[in-house]
Amino acid sequence: MPHIQQLPPHLADLIAAGEVVERPASVVKELIENAIDAGASAVVVEIQNGGMALIRVTDNGCGIAPEELPTAFLRHATSKLRRPEDLAAIGTLGFRGEALAAISAVSRMDVFTRQAGCELGASLSLEGGVPGPVEAAGCPEGTTLVVRDLFYNTPARLKFMKSDSAEAAAVGGMIAQIALSRPEVSIQYVRDGKEELHTPGDGRLLSAVYAARGRDFALGLVPVEGGGEGVRVEGFVTEPLSGRGSRAMQTFFCCGRMIKSALLTAALEEAYANRQMKGKFPGCVLHINLPPQQVDVNVHPAKTVVKFAAERAVFSAVHHTVADALDRTAAPAPPPPAPGSPAPAPAPQKDFYQTMDAKTFREREARPAGGGQITGTELRGRLTFRDGAGPRPPRRESTPSEGPRTAVVGYAVTQVREAAQETPLPVPPPPSGPEPEEPVQQTLTAAPAPWRLAGEVLNTYIIAEDGESVWLIDKHAAHERINFDRMKAGTEPIMRQQLLSSAAVDLAQEQYEVLLDNLPLLEEFGFEAEDFGAGSLVVRAAPADLEAGMIRETLEELADRLLTAGSADPSAARDAMLHTMACKASIKGGWKSDPAELQALVDRVQSGEVQFCPHGRPVKVRVSKYEIEKMFKRA
């Protein structure tokens, strides 16, 4: 049996570092939290090569006394706890006393600090957790911490790091979350010499949201403020029509600390019941404040998981406060008319075109004297609108790419044809001699299929009849499988459409990071995208089958599928992309479909080519004649 012995201090430090320092974003989180606890009103974060080469965090806080510098890098050294009772009322972000010791154990680290009122500051260098001498140094008030060569002495951890762009994205996402937690602190993020984020620090949460989450997200928010039973809730939630494809934009803070809580997520989404489309999720930036004694933050090394003493009170406060905010923003219904009051007169219809058909318009216009052929000038005169009004084109269903201009051009072509029909044109004389016999084309007719398209119900399910059976076919599932098989077997690159104006897509931290890691895979599926910084991708081209308005939703769903499948497995990642692209390119349940489309789907399904959707669900259900007669008590 092996002997029990105490771990060497250096090995114990490396184990502690593995719990606290997972990646560069973990380092940035701990250093910014220390700066905020030191009373800083401005923090600057600079990184190089995703944070692996350099992390520099500068603050204007209270600084560290020179004689206390070596102690600050010892394990369990902290200025925030004095007695056991303090654990029940923690009001600071960092309190474990492990961050600086863990970070210095796996890096080369320098610290420069000066307290207010002191002429000189102090500096200290550490390598692998081993400190050098404290020296006097000239530096501004506050503290600057420089971390170089992260994980240089732990190659096992180093090989798990992702690309520089992915690590930088994780750092940016972490900084954005901290900025949302402390709108009174100005936070600047500089990546490889380029500023990615800068919050004003004016104390207004909306300003921080605008800077950290982007303009589009900030403009679709509803303010939330209220609470009860000692729980205070404030912040912003998205409008019901601005739902996202995942929960990635849900951010919760408790007593100024970013947390993850299934309880808060359930309370938020319960408030959106019967308000939001199925499959969509609300976004939020919510601060929950309650007495420190009512929440335990010391249950996880990263301090992102907490326990509430009164879960019911917290759930109720979040749910009712959000629901009340959504009720206030709902448009009130017009009051019903009083009994006996006359119905309001309809407002006069204001239309750019006059309400008249083509015949009335032709009769109103004077024909050229003496008949003859219409000249181009006269034709243009007939088609010119007078006093801002003109002929109204006949209504017809238009495709999304058509607009008013297309309708007007179509009407003009109709007028040319009608004018040509009513105006005598020169006709060539018929040829002399017997008319040649036209060759008769022989056509080959295929045998009729043993199934028949009977119709469609609910704009979703196709009804087909096959001998003694009736089949219900899910048109979306069937079309999705057809697209999936076509894309998976295809050897040619997917056709793409170049966007007239590039689209900047704001994403959550995890989504942004995984898409940066899979940009070549996105290009394979028709996207032309690149890093735009600050949690955004700029998209210049998209698959031809994808509507421009669905680009953001598709990218969010692609990111979620990649996160689930794991981008380390190329085959699983590609299939995840195929599932999403096939779904987005398919006709949807609820859409009106052309009979020819329905017939084509029926033929593919009934021939046995399509049996299951890409997710494994059946695409058709059989109901026999006997079962139908049994329902009607005929069997």
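Predicted model: local features only at pLDDT ≥ 70, side-chain atom pairs only at ≥ 80, totals over all residues.
Student: Which strand order does the open sheet of three strands have?

Tutor: The order is E20-E22-E21, and the pairing is antiparallel. Strands here are DSSP runs of E with at least two residues, helices are runs of H or I with at least four, and numbering starts at the N terminus. Two strands pair if DSSP finds at least two bridges between them. Residues are numbered from 1 along each chain as its sequence is written, and side-chain values use heavy atoms, with hydrogens and water left out.

Student: Which are the edge strands there?

Tutor: E20 (496-506) and E21 (528-533), each of which pairs on one side only. E21 pairs with E22 (residues 536-543) over five antiparallel bridges, and Ala529 stands opposite Val539 in E22.

Student: What lies across E21 and E22?

Tutor: Helix H15 (residues 509-517) does, running at about 55 degrees to E22. Such angles go from 0 to 180 degrees between N-to-C directions, with axes as lines fitted to C-alpha atoms, for helices over the stretch in contact. Contact means heavy atoms within 4.5 Å.

Student: Switching to the open sheet of five strands, what order does that have?

Tutor: E10-E11-E14-E12-E13, with mixed pairing. E10 and E13 (257-259) are at the edges with a single partner strand each, so one side of each has no neighbour in the sheet. From one strand to the next, the twist averages 20 degrees.

Student: Which helix packs on that sheet?

Tutor: H10 (residues 311-329), which touches E10, E11 and E14 (284-289) and makes about 140 degrees with the direction of E10.

Student: How many bridges do E10 and E11 share?

Tutor: Eight, in the antiparallel sense, between E10 (residues 221-228) and E11 (residues 231-238). Val222 stands opposite Val237 in E11, and Gly228 has Val231 as its bridge partner. Their hairpin has two residues between the strands, and Glu229 takes a positive phi near 55 degrees.

Student: OK, helices. At what angle do H6 and H7 cross?

Tutor: Roughly 170 degrees, with the axes of H6 (residues 164-181) and H7 (residues 205-213) coming within 9 Å. That makes H6 roughly antiparallel to H7, a label for angles over 145 degrees.

Student: Which residues make the contact?

Tutor: Ala176, Gln177, Ala179 and Leu180 come from H6, and Leu205, Ala208, Val209, Ala212 and Arg213 from H7.

Student: Last topic: which ring does the charged end of Arg108 sit over?

Tutor: The ring of Tyr152, 4.0 Å from its centre. Lys620 has its charged end over the ring of Trp471, 4.3 Å from the centre. For that call, NZ of Lys or CZ of Arg must be within 6 Å of the ring centre and within 35 degrees of the ring normal.

Methods
Parallel < 35°, antiparallel > 145°, perpendicular 65-115°, else oblique.
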